[in-house]
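Here's a quick tour of a multi-chain model, picking out a few spots worth a look in the viewer. Have the structure open as you read.

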Amino acid sequence: MPAIRRLILRLHARHVWHAYLFVAPIIILFGAFRVAPSVQTLLYSVYRVELLRGRFTFIGLENFRELLVDRAFQQAAWNTLVYVLVIVPVSAALGLLLAVLFDTRFPLRELFKALYFAPMVTSTVAAAVVWWWLYNPQFGLFNVLLRLVGLPIQPWLMSSRTALLSILLFSVWKGIGYNMVVYLAGLQAIPESFVEAARIDGAGGFQRFWRITLPLLAPTTAFLLIYNSIQAFQVFDQVFVLTSGGPAGSTNVIVLDLYRQAFERYNFGYAAAEAMFLFLLTLGVTVLQYVYSKRFEVSY
Amino acid sequence: MQRRTVLKLALTAPLLASRRAWSQSKAITLWYPAGDITAGAAHFSDKSFFAPYEAKTGVKVEAVGLDYDTMQQKIFAAAAAKNVGDILFVDGSWVPGFLKEDMLDAVPDARSKAWLDAVSPEIRTLSDYGKGRMWGYPQYGIDIYGLTWNKDHFKEAGLDPEKPPRTWDEFRDYAKKLTKRDAQGNITRVGYAIRHVGHPHGIVHKHFWALYGAGASLVDDPLALRGGKANFNNDGGRAAVKLVLDMLDVDKSTSLNFPDPRAALLKGLASMQISETVSIHERAPKEAPELKWGLSATPVRKAGDKPITLLGSWMYAVPKMAKNREAAWQLLEWINTPEQDFEMCKKYAATPRYKVNWERDPFKSNAYDQALKQIYPYGKPLPVNLGLNGVMDAVGGAIQKTWHHEAKLEEALAEAERAANKAIADAAK
Amino acid sequence: MWASPLRALGTVAILVVVAGGAVLMILPFYWMLVTALSPATDVMAFPPKWIPSRVTLEHLWYALQKAPWHLYYWNSLVVAVVSVGFSLLFGLFAGYAFAVYRFPLQNVLFLLILSTLMVPVQVTSVALYIQLSRIGWVDTYAGILAPNFASAFGVFLLRQAIRQIPQELIEAARIDGAGETRIVLTLIAPLVRTMLATVAMILFLGSWNDFLWPVIVINSANLRTLPVGMALFKDPYGNINYGPLMAAAVISTGPMLIAYAVSQKFMIRGIATTGLKG
């Protein structure tokens, strides 16, 4: 026995050693280049940071207190919240609608699917540049089309009334293919038998959808809502390219504001506090959605 | 396991080698904004620009074009990491921010005295940060903000193309006459194009003439690095912002639907605009060769007032943590000798800085240069306060909010005053 | 094919809606192409010229001259290939470890890796930039790659995939005397090759389109990646002409769109089944 026991122990020990070895590269790399800077930034949030002079003064929650009364940040937080609240359900709903349509059979279906998905593969920056041109009030295609049909032209990115909406429109366009494709996969994973059973029982199309399909899609919906929320909270590229947060701060979002605070005002402590705020906000919303979604899980 | 480690090391090693040449002592870097941000940077991409210097001293000069949007951030992060360009060609309004972080090397006293004595008054104003202190050299062909207008539009509207509006009342009147609409009533051409989107600093730059012209100012003491109070939440400030607000709402002679004023003028979408004159001077021949444009000082609030306009400049500065400071200052000396000033201004059609060069041709007989010379005396630079960034953000934001009808004029200015005073106080610590 | 005329009408209706939507989706790309290829006067025309009056390559030439696009492509390619390569390698091994072994701190480490997803790069960029600058990695390939040598998603997905593999197979290989490394590379990798390919595709796409970190860490024009080069082409004040700007957009997005056209089935399926945006 002792020989086998020693063998087992040795095998076991070797695997643990292997385990650490195999995860070491990732842990080291993440540790050095992702976690360490994050922790540093976190620390910055309770200091007044004067990077060039190397002066760090501990100020406790002062940065956070300033955050709460800062008009610009309040606006950024509000805009970000509005952005998330609009884009997440709209993208999901449109994605679902399209997925339902694509779940039927019609000619050239694969081609159309590819067309809806195409915006996803381009870089946000390049696509935003194209939309910037489309939004030009004098010569951009959108206003040209409006003029063609006799509707009043819009200022789009030039007015604080319409700028955020313009960015939302871009983001919806960019992400709808993705939502559609994920929902489609979810739809196709539902066994035919369930829907058939409902039809045999006399349930109409809409009832079938509402009572059977939609609940069975709950995991997909949950996933999309959570993932879309995280992405939406971190929106940056398109705002940076299209409006830089203007006009009049109407498209200022948290990540853009913290980028500005860090790199134009050199207020690293303050920017770090904003980052902390964002992180907690994202975490909170994600946890809420996750917990809430568990209630709707239907296993089959 | 060992094989794998070796493999990994072999793959990573080449990556660790830097892509840039490591020879530091024989090369200096100059950072400037790439693209059409400022005409004063146009020559850095010219390979032959530094050739004479390189030949004379054997020191290579590498001009690195940075993206303007992220330039401040790059400079700062690089300085923090002690790996920044040796010479920085930066927007003059960034200098107080850099001074606040103690980032710049001052020009040696002997040199600054010689410089200040030899250059024309407007250059002296731009260079002197108080008591003869210089933190860098202004570019040649400095920016002055003047009124530019489309002469053909004036003729079309029945106005004398050689006579620009002199007072705010005339200005509003002209703008009304010059505005054009289509059948639906949409404005197709504005009488006066305003800068209302983009960075708040740009908005302040382009409305400086009205603010100061009405008796307000950004900070009460323009030469104090620390302390001072905001000085724009008063009758003058309100009148200045209201001027355009009335043009938007009452006269309907301008609009928020138009992009950058310079582009608007060049594309024929606007009849008048106020911005850096050098932009139009440089770009019109390429972008609008048919354009006949006029240049003059900015309108005054009431007859008899003196015009005030913004004197701006990009600056050559040397950061304290540059690796090759002596070499950098040597290069700057070379760029800023009277002979170089003459040669380069002649080559790039810019106004010179030395008094002696103004006496020489082509500058003496060039109509554009002489027109600028008439406007220069009215120029005022931005205050040097360390909190300038915050002040300009506040004022620009207030103007933007008011014109976009996001806030009432009085509230916006009051709020901005609070924010500006806070920025000044914070910076003074 | 259709059971009744009503069914046929339904299908036609769906086709019309879908096609209409598809036109809207593609319109920006089409207009980008038209603007890039039309003479400057056409661009400002009203009513709009859907087909250029004549096709001109002047904007493309101008855009090609104004910036070293071939370098941008090369840089993007190098960065993408290296980061994907390492991510796959490290992800495979780490995924295997998390899936197969039981070891102390396992869950903590896994959560740590996943948590990096919630911290956007803007937050860490300053600290990271300063850190990299001290070791001389700024403005180098290494610098661009630093946060991208490994992927949390990769680890997550590969762990899922490897979990499906029956333990007996692994045991059998061990009894045959294979070392763990050999098991991963010769047994596990082929078994999860679809997932590897999918992860590779998603990561490649993400790296190719990455903007913010490259724009922060790159200074030299010669090191710029494609999105950085594209963003630099445009300045926020309307001082660039639309023809060349759209030509630049065509240059930026063209190859990826072509690659997509060729492999879209695979791309779509991969992203759908993993539920990831890349």
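## The sheet in chain B

B:Leu30 sits opposite B:Ile87, a residue of strand 3 of chain B. The strands behind this are strand 1 (residues 27–33) and strand 3 (residues 87–91) of chain B, which pair in the parallel sense over 2 bridges. Keep in mind that this is a predicted model.

Zooming out, 5 strands of chain B make an open sheet with mixed pairing, and the order is 2-1-3-13-4. Strand 2 (60–66) and strand 4 (137–138) of chain B are at the edges with a single partner strand each, so one side of each has no neighbour in the sheet. Helix 3 (residues 68–80) of chain B packs on this sheet, where it touches strand 1, strand 2 and strand 3 of chain B. The direction of helix 3 makes about 135° with that of strand 1 of chain B.

## Where chains A and C meet

How many residues does each chain bring to the contact between chain A and chain C? Chain A puts in 69 residues and chain C puts in 71 residues. On the chain A side, helix 1 (residues 2–44) gives the most, with 19 residues. Sorted by class, that side of chain A has 53 nonpolar, 12 polar and 4 charged residues.

## Domains in chains A and C

Chain C splits into domain 1 (5–56) and domain 2 (67–274). Their centres, taken over C-alpha atoms, are separated by 34 Å. The contact between these two domains takes 6 residues from domain 1 of chain C and 7 residues from domain 2 of chain C. On the domain 1 side, helix 1 (5–37) and helix 2 (40–43) of chain C each supply at least two residues.

Chain A is assigned a domain 1 (2–44) and a domain 2 (62–294). In chain A the C-alpha centres of the two domains lie 37 Å apart.

## A residue on helix 1 of chain C

Is C:Val16 buried or exposed? C:Val16, which is found in helix 1 of chain C, has 11 other C-beta atoms within 10 Å; the cut-off for exposed is 12 or fewer, so C:Val16 is exposed. From C:Val16 to C:Tyr30 is 14 residues in sequence and 20 Å in space, C-alpha to C-alpha.

Most residues other than glycine have a negative phi, and most peptide bonds are trans. Here are some spots to check against that.

A:Trp156 is not a glycine, yet has a positive phi of about 50°. A:Trp156 is in the loop between helix 6 (141–148) and helix 7 (163–188) of chain A, and counts as buried because it has 24 C-beta neighbours inside 10 Å. A:Ala248 also is not a glycine and has a positive phi, of about 55°. The loop between helix 11 (237–242) and helix 12 (254–263) of chain A holds A:Ala248, which is buried, with 29 other C-beta atoms within 10 Å.

Over in chain B, a cis peptide bond joins B:Asp361 and B:Pro362, with omega about 10°. B:Pro362 is in the loop between helix 15 (355–358) and helix 16 (367–375) of chain B.

## Confidence

The predictor gives the complex an ipTM of 0.83 and a pTM of 0.83. For chain C, the mean pLDDT is 84, and 94% of its residues reach 70 or more.

Definitions and conventions: Residues numbered from 1 in each chain as written. Chains lettered and ligands numbered in written order. Predicted model: local features only at pLDDT ≥ 70, side-chain atom pairs only at ≥ 80, totals over all residues. Helix = DSSP H or I, 4+ residues; strand = E, 2+ residues; numbered from the N terminus. Nonpolar A, V, L, I, M, F, W, Y, C, P; charged D, E, K, R; others polar. Pairing = 2+ DSSP bridges. Axes fitted to C-alpha atoms, helices over the stretch in contact; angles between N-to-C directions. Domains from an automatic or database assignment. Buried ≥ 20, exposed ≤ 12 C-beta atoms within 10 Å, placed from the backbone. pLDDT = per-residue confidence, 0-100.
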